[in-house]
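Welcome, and please take a look at the model shown here before reading on. A short tour follows it.

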Amino acid sequence: MDDHLLDWLTTLDEERLARVLANRPDAIAAPWPRRLDTLARRLSDNFAVMEVMRGLPLPPLEILQASLVIGERATGEELARFLGVTRAEILPWLDGLFDHALAWPGPDGHLHLAEAVARWWTAPCGLGDPLVAYLDSWTLNAEGLRRMSRSLGLPAQGGRRQLMTRLTAILGDADRLAALLRDAPDGTMSLLDEFAWDGPVRGVDGNRFVAPGAPEKWAADRGLLFRTQWDIAEMPREVALALRGPDYHPPFTPEPPQLGTVPADPEAVDHAMCLAAPHAVDRAAALLENTDKTPLPLLKGGGVGVREVRRVIKETGCTEEETRLLLEVCTVARLLAWDETAGGLIPTKRFDAWRLEDAPARLRVLLAAWWRMERSSLRRAAGRYPTVLSDDPAGETVARVRWAVLATLATLPQDAAFASMPELVQAVHWRAPLLDRELLAECCPAMLKEARLLGLVAADTLTGLGRSLAALGSALAGDEQDETVPEIERDPGLVESSVHALASAQRTALFGADLTAVVTGPPAAELSGLLDRAAERESQGAASVWRFTPASVRRALDAGYSADSLLEELRTAGTIPQPLTYLIKDVARRYGEVTVTTVGCIIQGSDPALLAEIAAHRRLARLGLRLLAPTVLAGTAPAERTLAALRDAGYAPVPVDDTGEITVRREPQGGRLILLPGGRVAELEEPQAVIAEPPPDPREHARRLMHTREEERHTGQTWAVIGRLATRLPTAQQSLLGFVVDRGVRALITLSDGLTATISHGELRRGVLDAWCEEAGDYLEFPLAEISSVTSG
């Protein structure tokens, strides 16, 4: 923890502290900090600081780099002078850094930076370490400093600190350094300029640093360059700044680059959204239905092979881009998952619940999954698509690119679209400069294609659906591996826009006497699902066409329909012509001419009389046994259940390999059974995943911290209270409980009634310990007198 940060936090008023907490939700994540020292530790966490920096635009990052260069003497005025701007220009961005606790002012006005800031940039503004880091190195002794001083014409007497002070004064002075360089060997200036502008670390020829008269040796003898390895040299920060000259100012770009635009028709954009959104839901359902029939195997190295992707494309009628995108989106949404028994990806129980939701809710599940997906399905590498569901080395960075791209597009007016891809990439880079520029340029076109397929982008601008999603930012995106439902799925703004996007979906069809069904416009997911089950899709686009055939009707009957139930559902979608009625009834009349029986297991024996006895046994009637041959019985129950029943009845059966047991991929486990279209039954898992509790309101928590600061007790009082009230605990355990209060450590406590709890971040009040309970996910009160033991957690 940085003591300077804690000191600054204690000076903040409630308004400023609330702004810090609002900008750093990571600092008030559960268990919520209850004291300023705990908050300071959270705010100064290196990983958390780097995460915050990744979300900042270019200007505050330029200020941070400039602050690192200036060092301990950095102030607002000094920063403005160094950047070549007025203090008023940097003040809003500097306040933003304060509000994110990445920088804060000290009592003397000098700026302090979070420790992780320096770890991000080893060479801020392309400059190396301060000169003192080289002069004070163990590789340079006092005699080396004296030789360097004599080479520079400085006195060589005095201690190490005196020598370092004289060397720093001359090497950091632009005028004195320029005078020194007048006597330098030919080639020295070009050598030093390369280090000053393209350094600070460069590869060199080590032999030239020991060759008399060489520019490299001349510069190294005078402290202008330091050779850290035989073939690696570095230039100190002060030397590079002096060479760059007094007119040098680091870049500071408070205004984003101009993003050229072209006119866009809002009505056409909205129409394109209303076509794409229902189509995405429809195609996702088709893909999931296909994997329900045929599990999707994975390659040994991971991912779905090209052959399987082509099979899915052929069987579902999806395009390659739709198939690649929606397979990955459905997997992130937990609608698809690997099943060991099936040997491939199959729909999950969450799919059973998803298919019963209304269309806007289904769309939001897909959008939320795409928003947090850590890969780009349509990004081409070396002119080829990556393997579907393969690991992407960029991982989380890809999701950050997605957020930055949509956030940049959201700055455009509704009647404007971006003019060129390079300009868009440049604008996104200003918004998220720490993202890899090459990855950004590679992902940007692919992500726009994905967004178009989902109805988020049309005509190179955001649709209403896209603007609602972009407004949520990254805070609600959730983690790709998180099993809980992300808050984004229930955001009111996204709910409203998703309902609008699917409002124009067609729920009726035109049935023709030629056994076709035509839907003019985007079909609703329910309608397309019904037609897909009973007919063959021939085309899709502005109008979708299905054709009924004997095979397609038979497929619907296989799914559980009867002729009457199928006709009844089709009539809800439109008027049924007589030829279609005749076709369905004719197929139904012939349906069942041949039967196929499912067998749970086979019982074999050498004694026909014994098997006849077993088949007639009353207690075994529930097994559904029947004779197939004198020595063969067929049963409807699985082998395990049959074995147990036969043993209970007094027989001595033994299991054999290859019993023919049917494997049930999604066997109900106490959930709620739901009747699906076509008479199918699925289990709706209960309870469903819930949204995690949000962190406390920043303003309310700031108020609580301010109140706690006033009532903060000293450590000695903590021990006294625990020693007086926690009488069931030995002294060592009382000390451990004190650390729970004073240092927020984690411990396992047991109460007198036998209940246990894992606690941390405790406070003492009125004879009770108010501490965070991991099992409850909240702060609970534990009477000190009832705590019977404390162990390290």
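## About the model

The model is predicted, so local features need pLDDT of at least 70 and side-chain atom pairs count only at pLDDT 80 or more, while totals for chains, interfaces and linings use all residues. Residues are numbered from 1 along each chain as its sequence is written, and side-chain values use heavy atoms, with hydrogens and water left out.

## The chain as a whole

The chain holds 34 helices and 25 strands; both are DSSP runs numbered from the N terminus, helices being H or I with at least four residues and strands E with at least two. Its radius of gyration is 36 Å, well over the 28 Å that the globule rule gives for 793 residues, so the chain is more spread out than a compact globule. That radius is taken over C-alpha atoms, and the rule is 2.2 Å times the number of residues to the power 0.38. Along the principal axes, the C-alpha trace spans about 115 × 75 × 55 Å.

Of the 793 residues, 48% are buried (buried means under 20% relative accessible area, exposed over 50%, and partly exposed in between, with a 1.4 Å probe and protein chains only).

## Surface and charge

The accessible surface comes to about 38100 Å², and carbon and sulfur atoms account for 52% of it. Areas come from the Shrake-Rupley method with a 1.4 Å probe, and for residues only the protein chains shown count as cover.

There are 85 positive and 110 negative side chains, and the centres of the two sets lie 3 Å apart. Here Lys and Arg count as positive and Asp and Glu as negative, with His and the chain ends not counted; each charge is placed at NZ of Lys, CZ of Arg, CG of Asp or CD of Glu.

Helix 17 covers residues 306-316, and its buried residues are Glu-308, Val-309, Arg-311, Val-312 and Thr-316. They cover an arc of only 160° around the axis, which puts them on the same side of helix 17; the arc is that of the directions from the helix axis to the C-beta atoms. An α-helix has 3.6 residues a turn, so residues three or four places apart point the same way.

What do the buried residues of helix 17 pack against? Their partners are helix 16 (266-293) and helix 18 (320-332). The face turned away from the buried side carries exposed Arg-307, Arg-310 and Lys-314. After helix 17 comes Gly-317, with a positive phi near 80°.

## A link across the sequence

Ala-30 sits in the loop between helix 2 (14-23) and helix 3 (36-43), and is partly exposed at 49% relative accessible area. Leaving aside neighbours within four places in sequence, Ala-30 is in contact with Arg-42 and Trp-772. Ala-30 and Trp-772 are 742 residues apart in sequence, yet their C-alpha atoms are 8.7 Å apart in space.

## Backbone details to check

Gly-199 and Pro-200 are joined by a cis peptide bond, with omega about 10°. Pro-200 lies in the loop between helix 13 (188-198) and strand 3 (201-203).

Arg-334, though not a glycine, has a positive phi of about 65°. Arg-334 is in the loop between helix 18 and strand 7 (336-339) and counts as buried at 16% relative accessibility. His-761, in strand 22 (residues 756-765), has a positive phi near 50° and counts as buried at 15% relative accessibility.

Note on methods
Contact means heavy atoms within 4.5 Å.
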